[in-house]
Amino acid sequence: MSLPPQNPEDAKDFEKGRIRALQEERLHIQKKTFTKWMNSFLQKAKMEVEDLFTDLADGRKLLKLLEIISGEKLGKPNSGKMRVHRIENVNKSLAFLHTKVRLENIGAEDIVDGNPRMILGLIWTIILRFQIQEIEIDVYDDDNKSNEKKSAKDALLLWCQRKTNGYQNVGIRDFSSSWQSGLGFNALIHSHRPDLINFNNLDKDDHLGNLRNAFDIAEKHLGIPKLLDAEDVDVSKPDEKSVITYVASYYHTFSKMKAGATGGKRIGNIVLKIKNIEDQQASFESYSTTLLLWIKEKTSQMQKRDFSNTLEGIQVDFKKFKDYRTVEKPPKYKEKVEIEATYFDIQIKLQQLRQAPYVPPEGQRPHDIDQAWVQLEKQEYLAEVALKEELLRQEKL
């Protein structure tokens, strides 16, 4: 390790050189991270960036990235062979970005000519707009729930703090030195997928081992691209933009997992509701069949006129008729009302689930039951009249 020079002028030059070296190292890490980040999207279009500072010059890959990440169509690019066509393609990307975010001091020529700082600035702007800005987290007071929300970088930091809260030797305060030991990344994974990591077995002093463990598991089991190398993070001040970009990948991956689980639960609830409706339908058909058989039987009985030929016998027949009307019939009418209510409950539930209406078997609709009931009451009335006439006749004899 070389010692700083003692001469003031030499010391100043040494410090400037050290700062320049640190800046160059930071740019190198950002370039590497942003390149991997771009490729994680471009692979969907079977495209790849090898050198971030030269491969965006024709504007074609930049346009494709924006189409994929925004879900919008930006039009077919030019071939990009001539400089004027390259500038036109890049301008198309910048014009689109101007509708989404405020862009300052970035011109198409900067990208076409491979200006490192401008290109890194542009990609960082895209990451912020499409990966970080949309993150929103509710903030709760200690005493009561408030409507306050954090967004973007602050929201991402709050999410990390909540997910890693309680993990030993993990204290997320920023997107730099807090992640150096690698325990923060392992804690994020463990809080969502405890089956993937034995957190208590990790050594807080084995920074590189912890980082590699998290990065490998995230890539293999969660599909999170390895945007960083362990060596990039095991430094006193890891590059903030690179760490934010990588941590945002964790947020979006776990958010999709949660949405998928919620969606699965929702589908499970719908399936359960449909099963309950099918049980109701079976119950409706069973009870309606039994009721219609009873109505048919009683209608047939009411049509008979084989009364007893004695006064005592006709009085017994009349008592049986009254028992039917006051004892046997009322519970059947209640059944009829309940069957109709079940039918309409089924239809309402199906409508709420946006399912096709229920069509009962032929002859078992509420209308059919009503018609059969009307026919029964008609024959019941005629049977009563006939019984009374016969009773009067027998009494006169």
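**View A. The buried residues of helix H6.** Ile119, Leu120, Leu122, Ile123, Trp124, Thr125, Ile126, Ile127, Arg129, Phe130, Gln131 and Ile132 are the buried residues of H6. Buried means under 20% relative accessible area, exposed over 50%, and partly exposed in between, with a 1.4 Å probe and protein chains only. Helices here are DSSP runs of H or I with at least four residues, strands are runs of E with at least two, and both are numbered from the N terminus. H6 is mostly covered, with twelve of its 17 residues buried. The helix runs over residues 116-132. From first C-alpha to last, H6 reaches 22 Å, close to the 24 Å expected at 1.5 Å a residue. The expected span is 1.5 Å times one less than the number of residues.

The model shown in these views is predicted: local features need pLDDT of at least 70, side-chain atom pairs count only at pLDDT 80 or more, and totals for chains, interfaces and linings use all residues. Residues are numbered from 1 along each chain as its sequence is written, and side-chain values use heavy atoms, with hydrogens and water left out.

**View B. Helix H9 and its buried face.** Asn210, Leu211, Ala214, Phe215, Ile217, Ala218 and Leu222 are buried in H9. Down the axis of H9, these buried residues fall within an arc of 165 degrees, so they line one face of the helix. The arc is taken from the directions that run from the helix axis to the C-beta atoms. Glycine 223 follows H9, and its phi is positive, near 70 degrees.

**View C. Helix H8 packed on H9.** H8 spans residues 183-192. Its axis lies 8 Å from that of H9, and the two helices pack at an angle of about 35 degrees. Axes are lines fitted to C-alpha atoms, for helices over the stretch in contact, and angles run from 0 to 180 degrees between N-to-C directions. The crossing of H8 past H9 is left-handed. That term applies if the near helix is turned anticlockwise from the far one by less than a right angle; clockwise is right-handed. From H8, Leu183, Phe185, Asn186 and Ile189 take part in the contact. They meet Asn210, Leu211, Asn213, Ala214, Phe215, Ile217, Ala218 and Leu222 of H9. Contact means heavy atoms within 4.5 Å. The contact residues divide into nine nonpolar, three polar and no charged. Ala, Val, Leu, Ile, Met, Phe, Trp, Tyr, Cys and Pro count as nonpolar, Asp, Glu, Lys and Arg as charged, and the others, Gly among them, as polar. H8 is mostly covered, with eight of its ten residues buried. Leu183, Gly184, Phe185, Asn186, Ala187, Leu188, Ile189 and His190 are the buried ones.

**View D. Asparagine 89 in helix H4.** Asparagine 89 lies in H4, residues 83-98. Asparagine 89 counts as buried because its relative accessibility is 0%. Leaving out residues up to four places away in sequence, asparagine 89 touches Asp58, Gly59, Arg60, Leu63, Pro77, Asn78 and Gly80.

**View E. Two loop residues with positive phi.** Lysine 46 sits in the loop between helix H1 (8-42) and helix H2 (52-55). Its phi is near 55 degrees, a positive value in a residue other than glycine. Lysine 46 counts as exposed, at 81% relative accessibility. Asparagine 169 is in the loop between helix H7 (152-164) and H8. The phi of asparagine 169 is positive too, near 65 degrees. Asparagine 169 is partly exposed, with a relative accessible area of 49%.

**View F. Glutamine 379 in helix H13.** H13, residues 366-396, holds glutamine 379. At 10% relative accessibility, glutamine 379 counts as buried. Glutamine 379 touches Thr299, Met302 and Gln303, residues up to four places away in sequence not being counted. Serine 300 is 79 residues from glutamine 379 in sequence, and their C-alpha atoms are 8.5 Å apart.

View G. Threonine 289 is in helix H11, residues 240-303. Threonine 289 is partly exposed, at 36% relative accessible area. Threonine 289 and glutamine 364 are 75 residues apart in sequence and 7.2 Å apart in space, C-alpha to C-alpha. Valine 359 lies in the loop between helix H12 (311-352) and H13. At 66% relative accessibility, valine 359 counts as exposed.
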